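Let's take a walk through this model, starting with its open spaces and then turning to the places where the chains meet. Keep the structure open beside you as you read.

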Amino acid sequence: MRKGVMRPGHVQIRVLDLDEAVKHYVELIGLIETGRDDQGRVFLKGWTEVDKYSVILREADEPGMDFMGFKCVDEATLDSLAADVSKLGIEVKEIPAGDLPDCGRRMQFVAPTGHTFELYATKEQTGKWGISDVNPDAWPRGLKGMKATRFDHCLLYGDDLEGNLKLFETLGFGLAEQVLDPEGNKAALFLTASMKEHDIAFIKHEEKNKFHHASFYLDTWEDVLRAADLITMTNTSLDIGPTRHGLTHGQTIYFFDPSGNRSEVFCGGSYFYPDHKTITWKAEDLGKAIFYHTRELNERFLTALT
Amino acid sequence: MATQNVCQISVTNRQQVFSVPKGEPLLMAMEKNNQHAIQVGCRGGGCGLCKVKVLQGDYQTKRMSKAHISEEEAVLGFALACRLTPLSDLELESDHFQLKKQQIQQAI
């Protein structure tokens with residue numbers, strides 16, 4: 001049952017070339033740049049997000065994800081959730097306020113799959129971009145590219161899904177959907193702290209700590225088709241789509257940033273309440289579960305990771 | 001011989017030969033040519049699926065993920081085909097992508 005984690009708050013992504021990456025996330029996906037720090041990191045957000053930033057880009061020798069953070073309701077919740085995580089035998093490190101600009105203290109830990117997660121409760125709120133919070137207009141003028149509305153979730157690949165399930169259930173997440181192999185082992189987890197069908201997802205993979213994609217929300221299928229047009233118009237590396245997922249039933253397109261990190265924009269999909277029964281997909285029908293129309297997996301979806 | 005505008009690419013492990021326009025990244029030029037001698041992943045130097053070993057010829061590369069091409073490997077001719085631009089005819093091996101074994105052993 002829910003324990004005070006509200007939403008995916010931020011993701012820090014490593015890129016090989018910062019300028020090329022900013023062009024991808026700002027000009028193509030349509031995120032808003034809201035700041036840079038003295039380490040050269042760039043801070044971005046979708047226009048509907050109220051906090052100052054949700055995507056952090058850092059130039060590095062190896063693309064991938066540094067960490068993903070979840071925003072919690074208050075500071076007291078941070079301490080209680082950190083204590084709960086410690087009880088699982090997972091070490092929790094407190095990072096002081098200000099280490100990320102305009103962000104409060106963060107409780108950081110490494111999940112059984114090797115991915116680094118953190119919880120925080122305080123970040124400067126600048127409000128939705130381009131519209132007032134009194135009598136707000138429907139949308140702001142001046143949005144770019146795909147006009148992504150928000151950072152929505154990540155899909156990560158790793159080995160110990162049972163361990164991650166225990167960790168995220170401890171944090172109050174529900175298991176909205178799963179993939180089970182014929183022996184009943186978990187091959188994928190779609191976990192949520194909200195009404196969304198997933199706030200974080202994992203797929204079973206031999207290596208630890210692999211990044212599959214960061215996903216951004218669009219309002220309509222027409223917007224997804226327009227995103228596909230923009231991918232071609234900018235000669236951007238396409239993975240697959242536009243299509244529909246079986247899992248979550250979202251409508252989607254996948255493409256790559258200039259450093260090979262996968263991006264998704266999607267719309268629609270199912271919803272989840274804590275009393276919902278977990279939806280199960282059979283691993284032997286994984287093609288339909290991932291790509292509902294073709295019912296075939298492209299190998300790249302399982303192997304191209306950063 | 002490389003003519004003025006075209007480089008011949010010989011992928012020895014797949015026994016395939018194709019030509020790409022000079023100055024174009026090898027992997028995307030191969031795709032345009034409807035050839036399949038090298039595995040295609042992210043096309044951005046990140047995932048490592050298109051890792052090759054160049055046996056002969058001149059080329060230049062853009063920045064590639066250190067997770068897949070270490071400095072030592074780069075000296076030995078390893079490269080990611082999506083970040084490699086041929087400067088002459090090339091002889092190379094594809095299919096050099098490997099999962100990170102050390103991490104797998106830790107996971108077992």
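The lining of the largest pocket divides into 10 charged, eight nonpolar and seven polar residues. (For the classes, Asp, Glu, Lys and Arg are charged; Ala, Val, Leu, Ile, Met, Phe, Trp, Tyr, Cys and Pro are nonpolar; the others, Gly among them, are polar.) This is a predicted model, with local features needing pLDDT of at least 70 and side-chain atom pairs pLDDT 80 or more, while totals for chains, interfaces and linings use all residues. Residues are numbered from 1 along each chain as its sequence is written, chains are lettered from A and ligands numbered from 1 in the order in which they are written, and side-chain values use heavy atoms, with hydrogens and water left out.

Back to that pocket: about 800 Å³ of space lies in it. Look for A:Thr234, A:Asn235, A:Thr236, A:Ser237 and B:Arg43, which lie nearest its centre among the 25 lining residues. Helix H1 (18-28) of chain A gives at least two residues to the lining, and so do helix H1 (26-32) and strand S6 (84-86) of chain B. The largest share, five residues, comes from H1(A). (Helices, H or I with at least four residues, and strands, E with at least two, are DSSP runs numbered from the N terminus.)

On a 1 Å grid over the protein atoms alone, a cavity is a set of points where a 1.4 Å probe fits but cannot get out, whereas a pocket is an open set with protein on both sides within 12 Å along at least five of seven lines; lining residues have an atom within 4 Å of a point. Points are joined across faces, edges and corners, and volume is the space filled by probe spheres set on them. There are two cavities of 30 Å³ or more. The largest has a volume of about 130 Å³, and A:Phe190, A:His198, A:His213, A:His245 and A:Tyr254 lie nearest its centre.

Three salt bridges are counted between the chains, each a side-chain nitrogen of Lys or Arg within 4 Å of a carboxyl oxygen of Asp or Glu. B:Lys62 and A:Glu20 meet in a salt bridge at 3.1 Å, N to O.
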